[in-house]
Amino acid sequence: MIKLKRGTKGLVRLFYLDEHRTRLRWRPSRKSEKAKILIDSIYKVTEGRQSEIFHRQAEGNFDPSCCFTIYHGNHMESLDLITSNPEEARTWITGLKYLMAGISDEDSLAKRQRTHDQYPF
């Protein structure tokens, strides 16, 4: 995937989950110990080009269905990513939402989402 950063062109990185599925990692990185996000620290995952970085750098350059943003940490940092195709983006978005919810199957996530939509408190 391509990782967008402020003030630079996108960086091609390999993203993967660690063996315990508790961290999202990427490589290569000059700061390998910082090249991770705890799944528990993810606040939300959004589809498309919605983040500030996408608006500044990627306007019109990438298919929105290949773009997504992971908001994480105490300061709501964003990790802005571009996949090579919409299916890959969808797989990552769905998978991360499952992991965030601690859910192992699609039916449970769909039920939980319907409940949340019905009772948004």
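1. Two strands are taken to pair if DSSP finds at least two bridges between them. By that criterion strand E1 (residues 2–4) and E2 pair in the antiparallel sense over 2 bridges, and Ile2 has Val12 in E2 as its bridge partner. The model is a predicted one, in which local features need pLDDT of at least 70, side-chain atom pairs count only at pLDDT 80 or more, and totals for chains, interfaces and linings use all residues. Residues are numbered from 1 along each chain as its sequence is written, and side-chain values use heavy atoms, with hydrogens and water left out.

2. Overall composition. The chain has 3 helices and 8 strands; helices (H or I, at least four residues) and strands (E, at least two) are DSSP runs, numbered from the N terminus. Along the sequence the pattern is β-β-β-β-β-β-α-β-β-α-α.

3. The open sheet. An open sheet is formed by 5 strands in the order E2-E1-E8-E7-E6, with antiparallel pairing. Strand E2 (11–12) and E6 stand at its edges, each with a single partner strand, so one side of each is left without a neighbour in the sheet.

4. Strands E3, E4 and E5. Strand E3 (residues 14–17) runs antiparallel to strand E4 (residues 23–27), and 4 bridges join them. The hairpin of E3 and E4 has 5 residues between the strands, and Arg21 takes a positive phi near 60° there. E4 is in turn joined by 3 bridges to strand E5 (residues 36–38), again in an antiparallel arrangement. Arg25 of E4 stands opposite Tyr16, and Lys36 is the bridge partner of Arg25 in E5.

5. The aromatic pair. A search of the whole structure finds 1 aromatic pair. Phe15 and Trp26 form this pair, which is tilted, at 5.5 Å centre to centre and 35° between the planes. Rings of Phe, Tyr and Trp (its six-membered ring) pair if their centres lie within 6.5 Å; planes under 30 degrees apart count as stacked, over 60 as edge-to-face and the rest as tilted. The pair links Phe15 in strand E3 with Trp26 in strand E4, 11 residues apart. Phe15 counts as buried at 6% relative accessibility, and Trp26 is buried with a relative accessible area of 10%. Buried means under 20% relative accessible area, exposed over 50%, and partly exposed in between (1.4 Å probe, protein chains only).

6. Surroundings of Phe15. Leaving aside neighbours within four places in sequence, Phe15 is in contact (heavy atoms within 4.5 Å) with residues including Met1, Lys3, Leu24, Leu79, Leu81 and Trp92.

7. Nonpolar cores. A nonpolar core is a set of buried Ala, Val, Leu, Ile, Met, Phe, Trp, Tyr and Cys residues joined through side-chain atoms within 4.5 Å. The largest has 17 residues, of which Phe15, Phe68, Ile70, Leu79 and Leu96 touch the most other members. At least two residues of this core come from each of E4, strand E6 (42–47), strand E7 (67–72), strand E8 (77–82) and helix H2 (86–101). H2 supplies the largest share, 4 residues. Apart from this core lies another, of 6 residues, among them Leu4, Ile53, Phe54 and Cys67.

8. Charge over a ring. The charged end of Lys44 sits over the ring of Tyr71, 5.2 Å from its centre. The criterion is that NZ of Lys or CZ of Arg is within 6 Å of the ring centre and within 35 degrees of the ring normal.

9. Burial in the whole chain. Of the 121 residues in the chain, 32% are buried.
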